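Open the model in your viewer and keep the selection panel at hand. The stops below tell you what to select and what is there.

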Protein chains: 4
Amino acid sequence: MGDERSYPYLLRRNTIRAGENTFSHPWNPQSEITGTHLSSLAGLKRTGVSLVRIPAGKESFAYHLHHREEEWIYILAGRGIALIDGNEYELGPGDFVAFPTPSVPHNLRNPGEDELVYMMGGENLDFEVADFPTLDKRMIRRGSEVEIYRLSDARPFEMPDS
Amino acid sequence: MGDERSYPYLLRRNTIRAGENTFSHPWNPQSEITGTHLSSLAGLKRTGVSLVRIPAGKESFAYHLHHREEEWIYILAGRGIALIDGNEYELGPGDFVAFPTPSVPHNLRNPGEDELVYMMGGENLDFEVADFPTLDKRMIRRGSEVEIYRLSDARPFEMPDS
Amino acid sequence: MGDERSYPYLLRRNTIRAGENTFSHPWNPQSEITGTHLSSLAGLKRTGVSLVRIPAGKESFAYHLHHREEEWIYILAGRGIALIDGNEYELGPGDFVAFPTPSVPHNLRNPGEDELVYMMGGENLDFEVADFPTLDKRMIRRGSEVEIYRLSDARPFEMPDS
Amino acid sequence: MGDERSYPYLLRRNTIRAGENTFSHPWNPQSEITGTHLSSLAGLKRTGVSLVRIPAGKESFAYHLHHREEEWIYILAGRGIALIDGNEYELGPGDFVAFPTPSVPHNLRNPGEDELVYMMGGENLDFEVADFPTLDKRMIRRGSEVEIYRLSDARPFEMPDS
């Protein structure tokens, strides 16, 4: 076996667990998600992959859609209810869901008694717009700078007297 | 629960299994990998995610590196030996390995008695160059068109008498 | 000489003149610009190049900045006054001005008695945000779909009780 | 008028002339081109624009095509003969030619007694492949690293016994 320290982009199971953080989306009091951003720890710049888990009764983020960034989830353990474009879908281990762009809105909750464990990933773009239709919010992000608008404040671009 | 047929990008565990294909890389007689290209089945254009498995004694592809496309693997079950830049690393469930670009060469084999099951993913770019250093080959791909050169035939771009 | 009809991306001077359109930006009553979008007529997808002219006393567009798309101008004939980030610069034939992104706001006017003729170009991206700071407007464009917000309505993304 | 030193991306005609360099493509003894890379001097990262001139009897580069980078030229003064995909086209002031990708091979020569002056531009990508079909060469460039192959050494990627 080679010297494992010589390849910095190999993350061991224990390292991954030790690197966990818990996040609650400020716009959803039910949001609570714990996990590790594998891809950034392992040097990837444009690809996102995370290993995450949601406690019983909690939700992932806030119901949102992406204009540009592709996104996917793959269920490893537990049960989830995905709210996708107004419909609910029950998910279990081995199910995969993707969100081509521009995506429909979605969010995930854990309705069960066990932890919901899954992988999620997608694109990391420098510039993204995400909408939160039930909250009437639009998020514009450039790098790490974020600005929020009221989604319903959007106006068309109209030509004069036409 | 909503009508599941209304969201085409949800792939059920059984659908994923039924969609498997087996691939053997033509340049490695030990290559044998079976799996499903989840991301393309689920409508993603720029992001690759696959669920794959390698039988005992077999290998994933051929020892290669990518110039442009980021790549990652995450082990779900079984044991693997990753050959990365000339060193071997034993991998087990829960280990994650990434290959930032330009990447070092790598390949994966299943040394054990059980199936090796993992997820792999990364970028899907229109234009890619991949090198196979032990085979002395360079692969240039534009869309689905592929051309092969002998890697060692590369010459510098030299200015005359300077 | 070859058969000229055999290369569709060669645009003759006369064809370019015949392909002119006049545009007035709806947010600036002084805007009046006439020209030909050379790059799209000649098959380019990601690069913009136009040959344009502004009559005496008129302006190009409305004072704006780009978040993502690089932009440049090169003066061929006449005199111009470029308003760039609050300062005015007099421009004449042979002068070149570029706007790396995120750019500072700018606009061009023809103060003279002769026509101002120039080339302008840059990137054509699928997704762009442009701000019009003196008009308090932000334009979000995806493909040809445009939405307008009031720039000053932007709010920070704040974590609760932090 | 504002303080001109306050906007670094404005290049005056005289500065542009003073910034000229002469380049002869090492693979074409007839190549001689003098000019200024306006876009890089003015801070652009992804867009190329140059003001260039070719003396009587000389040529621009070597007959080549681009796989990825869009390219264009616009004639300002003099006469040129463009060799495009095996056909010759006479060009004069006000003519525009573009090369959508993957492009057909092309080169430009000055057949006349006067200098040929033109603008050229296009995309600046990190990774590019350019072919020189009459020289049987393929150039692979990553950033500023360039490697050359013999174009005719390309082999198909074949599956075994198929």
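This is a predicted model: local features need pLDDT of at least 70, side-chain atom pairs count only at pLDDT 80 or more; totals for chains, interfaces and linings use all residues.

Select chains C and D.

Residues are numbered from 1 along each chain as its sequence is written, while chains are lettered from A and ligands numbered from 1 in the order in which they are written.

Colour by confidence next. Chain A averages a pLDDT of 94, and 94% of its residues score at least 70. For the complex, the predictor gives an ipTM of 0.94 and a pTM of 0.93.

**Stop 1: the C–D contact**

Now show the interface. Chain C puts 41 residues in contact with 41 residues of chain D. Contact means that the C-beta atoms of two residues, placed from the backbone, lie within 7 Å. On the chain C side, the elements that each supply at least two residues include helix H1 (13-18), helix H2 (38-41) and strand S4 (47-54). Helices (H or I, at least four residues) and strands (E, at least two) are DSSP runs, numbered from the N terminus.

Colour that side of chain C by class: 20 residues are nonpolar, nine polar and 12 charged. Ala, Val, Leu, Ile, Met, Phe, Trp, Tyr, Cys and Pro count as nonpolar, Asp, Glu, Lys and Arg as charged, and the others, Gly among them, as polar. The copies meet through the same surface, because 100% of the interface residues of chain C are also interface residues in chain D.

**Stop 2**

Show the strands in the order S2(C)-S3(C)-S4(C)-S11(C)-S6(C)-S9(C)-S1(D). They form an open sheet of seven strands with antiparallel pairing. Strand S2 (21-23) of chain C and S1 of chain D are the edge strands, and each pairs on one side only. Two strands pair if DSSP finds at least two bridges between them.

Start at S2(C). Three bridges join it to strand S3 (residues 33-36) of chain C. C:Phe23 has C:Ile33 as its bridge partner there.

Then go to the other end. S9(C) and strand S1 (residues 10-11) of chain D are antiparallel, over two bridges. Pick C:Val97: its bridge partner in S1(D) is D:Leu10.

**Stop 2: chains A and B**

Switch to this pair. The contact takes 41 residues from chain A and 42 residues from chain B.

Where does the pairing cross? S1(A) runs antiparallel to strand S9 (residues 96-99) of chain B, over two bridges. A:Leu11 stands opposite B:Phe96.

**Stop 3: a sheet shared by B and D**

Select S15(B)-S14(D)-S13(D)-S12(D)-S5(D), an open sheet of five strands with antiparallel pairing. Strand S15 (155-156) of chain B and strand S5 (65-66) of chain D stand at the edges, each with a single partner strand, so one side of each is left without a neighbour in the sheet.

Finish inside chain D. Six bridges join strand S12 (residues 127-132) to strand S13 (residues 137-142). There, D:Val129 has D:Ile140 as its bridge partner.

Technical notes. pLDDT is the predictor's confidence in each residue, from 0 to 100.
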